[in-house]
Amino acid sequence: MSTDGLQERPAPPQGTLNTDENAYPEDTFRILLATDNHIGYNERDPIRGQDSINTFREILQLAVKHDVDFILLAGDLFHENKPSRETLYETMALLREYTLGDRPIQMELLSDPEEGKAAGFSFPAINYEDPNFNVSIPVFSIHGNHDDPQGAGPQGALCALDMLSVSGLINYMGKIDLPVNDADAQNTGIAVKPVLLRKGNSRLALYGIGNVKDHRIHFELRSNRVRMFMPKDKDAWFNILLLHQNRVPHGPQQFVPEGMFDDSLDLVVWGHEHDCRIDPEPVAGKRYRITQPGSSVATSLGEGESIEKHVALLEICGKEYKMVPIPLRTVRPFVVDEVSLEAAAEDEGLDLNDKMAVSKFLKNKVNELIQRANDVWDGRNAKALQEGDEELPRMLPIIRLKVDTTGVSEMSNPVRFGQEFQGLIANPRDVLVFHRAKRPTRGGKVTADQPELSIDDPSLTTSEKLSRVRVQTLVQEYLAAQELQLLGEAGMSDAIELFVDKDDIHAIQNHVSTALKSLMKGVQTTGGEFEEEDLEDIVGKVREKHEKDYLEKHNGGRSTKSKGKEKATDADRSDASVESMMEEFDLGPSDIDDQESEAPPPPKKTAARAKKPAAAPKKAPAKAPARGRGKKKVVSEDEEDEGEEDYEEPEEEAPKKRTNRAAVLSKTTTTKRAPAKKTASSSKQATLSFAPSGRSSTRAAATRAKRKVADIR
């Protein structure tokens with residue numbers, strides 16, 4: 001850490017660098033900035049599936065072309081928390097192809113190379129300090145909200161970046177150890193330790209804060225509990241902070257204010273926001289500036305994504321820096337526009353009641369957008385040819401036309417409309433989006449279907465409201481206020497919870513599809529003909545029956561009445577299941593206390609069930625013909641026994657032992673407990689022999705046919 005003997009040059013104005021690039025090449029850091037690569041986004045799409053990985057390849061090629069010292073990524077390298085094997089394979093192959101080699105590293109590591117390394121292993125955290133690797137371009141990255149650490153195993157929370165880090169392909173920084181209990185949350189904040197680098201006389205400090213919940217980082221910054229470990233002569237260092245949080249306000253504490261960082265910083269690289277604002281922007285009252293590179297692939301069809309995508313070449317010499325935006329050529333062109341049919345009717349005489357005329361008008365607009373997108377691509381190619389690069393084949397553009405349908409009674413199907421543009425655009429299914437202008441109502445605000453949320457209690461303080469925010473509780477309260485006509489509240493609530501907590505992107509789609517099929521089947525089985533007016537009542541009855549069956553199936557056979565009683569205490573129980581991000585606000589009871597308080601009732605149920613096997617052999621002969629029912633009964637009893645183990649042994653190791661294999665073993669042991677039923681069923685099966693009887697009947701039929709033919713002849 002000693003920096004004695006270094007010679008400093010007088011610092012020119014902030015944010016500028018000498019235009020002579022060869023003035024001090026041995027003292028100049030050359031860094032490639034990028035963020036929000038979202039590798040693996042839409043990978044199942046036959047057209048856009050490879051967009052993210054192709055652009056990431058281009059970023060690595062730009063790093064080699066511009067001879068950078070290292071690459072700096074500000075989060076969301078992967079689009080999903082658990083990227084697919086194909087995504088991991090391609091990412092690791094690209095990193096190995098472009099970042100490993102015998103090119104010497106021109107910078108020196110001054111911080112501890114062991115800081116942040118994998119516990120229990122000897123290799124360092126910084127890959128180019130490992131003698132077993134030949135690294136030519138180091139990659140430093142923090143995690144984002146899409147690829148953040150999850151789980152609580154022996155190694156702590158892990159993410160995909162941990163896999164790349166231990167394999168020696170990237171240097172993972174900015175991982176925050178979250179508090180385990182309430183006491184730690186009140187006494188510990190966020191500690192940020194830098195990676196200190198030196199190249200010639202220039203010294204660079206890299207600080208990374210991976211994504212955490214917005215309300216927590218807001219609280220930590222406001223409470224001055226973000227501790228940044230800086231060198232003693234911090235003003236002689238160029239300090240960069242990598243951040244991945246909301247920059248645009250989404251609520252009182254659901255963003256990070258731009259002016260809440262340490263005054264010693266020189267540059268903040270802001271990830272998470274996808275619109276490209278790569279030129280450094282000043283912050284009122286602060287000396288540092290903020291650069292927002294934006295995403296390298298469009299993950300939504302908003303206007304911010306349509307801005308041309310860039311990465312940046314950052315050059316740092318002493319306390320001076322210069323940033324050069326570099327456009328990305330492999331990004332699919334994206335054009336967004338908006339049209340009002342009412343305005344078109346006034347200006348061009350469009351007949352809003354003629355669906356064919358409206359459809360033709362929209363097709364012409366889409367064709368104009370396609371031409372604009374193709375012109376953008378041709379302009380990129382022409383510029384690249386002037387710079388000596390090769391021409392790239394034209395890609396299908398992404399087109400989004402927002403249509404204001406105010407005053408139009410009926411519109412055509414947007415999916416069917418997009419089918420006519422197959423092979424011309426990359427997103428034919430969602431090229432159109434319809435919306436209507438909001439008209440003022442006489443009664444003021446519309447309060448229909450607005451739930452009374454438990455967190456809206458005026459007697460609660462702000463910290464208490466934050467501690468009560470639970471996805472499951474909010475979803476249940478919201479769905480209860482909507483009066484769903486087709487989907488059940490319990491099943492929909494569970495599907496949304498899987499989507500949010502377990503990152504199951506297909507949970508809602510699968511539930512809706514299954515529920516609708518089951519509902520249609522239930523209506524059809526009612527039989528007979530009925531009037532259209534009676535359809536709503538029939539659907540309501542079928543939905544109630546399915547809701548009851550769902551609750552009984554997912555709650556161990558409990559009745560809906562007991563489920564209703566439990567719903568009254570869901571809000572109270574959710575208060576106890578405090579997330580790690582919110583533990584500094586809530587000092588209420590923990591989950592373990594709730595489990596212990598609920599532990600006494602289950603043993604009574606086991607005692608009651610223990611009497612059933614004794615009586616089972618007496619009834620076995622009478623129930624022998626209904627073999628299927630007997631098996632189902634045994635399995636359901638076993639599943640209830642497994643559920644009771646959670647209450648009797650609320651230790652952490654118990655859930656780990658509940659695997660699929662254990663469930664199979666438990667079913668086999670259950671069948672052994674009821675030998676009478678098993679014997680009856682097996683003996684019954686022994687008397688059935690389908691194959692021989694089938695063959696004998698076939699041969700007999702053939703013999704009779706031959707005899708008839710002979711008689712006819």
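A polar contact, as used here, is a pair of N or O atoms within 3.5 Å; within protein, one must be able to donate a hydrogen and the other to accept it, and residues adjacent in sequence count only if both atoms are side-chain atoms. Keep that in mind for the opening stop. A word on what you are looking at: this is a predicted model, with local features needing pLDDT of at least 70 and side-chain atom pairs counting only at pLDDT 80 or more, while totals for chains, interfaces and linings use all residues. Residues are numbered from 1 along each chain as its sequence is written, and side-chain values use heavy atoms, with hydrogens and water left out.

**Stop: Asn427 and Asp430**

Select Asn427 and Asp430 and show their side chains: a polar contact of 3.2 Å joins the two. Asn427 is in the loop between H8 and S20. Asp430 is also in the loop between helix H8 (414-418) and strand S20 (432-435). Helices (H or I, at least four residues) and strands (E, at least two) are DSSP runs, numbered from the N terminus.

Is Asn427 buried or exposed? Its relative accessible area is 3%, so Asn427 is buried. Asp430, at 30%, is partly exposed. The cut-offs: buried means under 20% relative accessible area, exposed over 50%, and partly exposed in between (1.4 Å probe, protein chains only).

Now bring up the surroundings. Contact means heavy atoms within 4.5 Å. Not counting residues up to four places away in sequence, Asn427 touches Arg48, Leu301, Pro397, Ile398 and Ile399. With that same exclusion, Asp430 touches Leu301, Ile399 and Arg400.

**Stop: helices H1 and H2**

Select residues 51-65 (helix H1) and 85-99 (helix H2). Their axes come within 10 Å and cross at roughly 15°. Axes are lines fitted to C-alpha atoms, for helices over the stretch in contact, and angles run from 0 to 180 degrees between N-to-C directions. H1 and H2 are therefore roughly parallel to each other. Angles under 35 degrees count as roughly parallel, over 145 as roughly antiparallel, 65 to 115 as roughly perpendicular and the rest as oblique.

Which residues meet here? From H1, show Ile53, Phe56, Arg57, Leu60, Gln61 and Val64; from H2, show Glu90, Thr91, Leu94, Leu95, Tyr98 and Thr99. By class, this contact has seven nonpolar, three polar and two charged residues. (Ala, Val, Leu, Ile, Met, Phe, Trp, Tyr, Cys and Pro count as nonpolar, Asp, Glu, Lys and Arg as charged, and the others, Gly among them, as polar.)

**Stop: helices H6 and H7**

Move to residues 341-348 (H6) and 355-386 (H7), where the axes come within 12 Å and cross at roughly 95°. H6 and H7 are therefore roughly perpendicular to each other. Leu341, Ala344 and Glu348 in H6 meet Val358, Phe361 and Leu362 in H7. The classes in this contact are five nonpolar, no polar and one charged.

**Stop: Pro327**

Pro327 is in strand S17 (residues 320-327) and counts as partly exposed, at 30% relative accessibility. Leaving aside neighbours within four places in sequence, Pro327 is in contact with Glu58, Glu308, Lys309 and His310. For a distance to draw, take Pro327 to Arg380: 53 residues apart along the chain, with 9.0 Å between their C-alpha atoms.

**Stop: Asn211**

Find Asn211 in the loop between strand S10 (202-209) and helix H5 (214-222). At 15% relative accessibility, Asn211 counts as buried. What does the side chain of Asn211 reach? It reaches the backbone oxygen of His244, at 2.8 Å. Contacts of Asn211, leaving aside neighbours within four places in sequence, are with His143, Gly144, Asn145, His244 and Gln245.

**Stop: two backbone angles**

Most residues other than glycine have a negative phi. Select Asp36, not a glycine, with a positive phi of about 55°. Asp36 is in the loop between strand S1 (28-34) and H1, and is buried at 0% relative accessibility. Then pick Asn224, whose phi is near 60°. Asn224 is in the loop between H5 and strand S11 (226-228) and, at 69%, counts as exposed.

**Zoom out**

Show the whole chain: there are 23 helices and 20 strands. Of its 713 residues, 39% count as buried.
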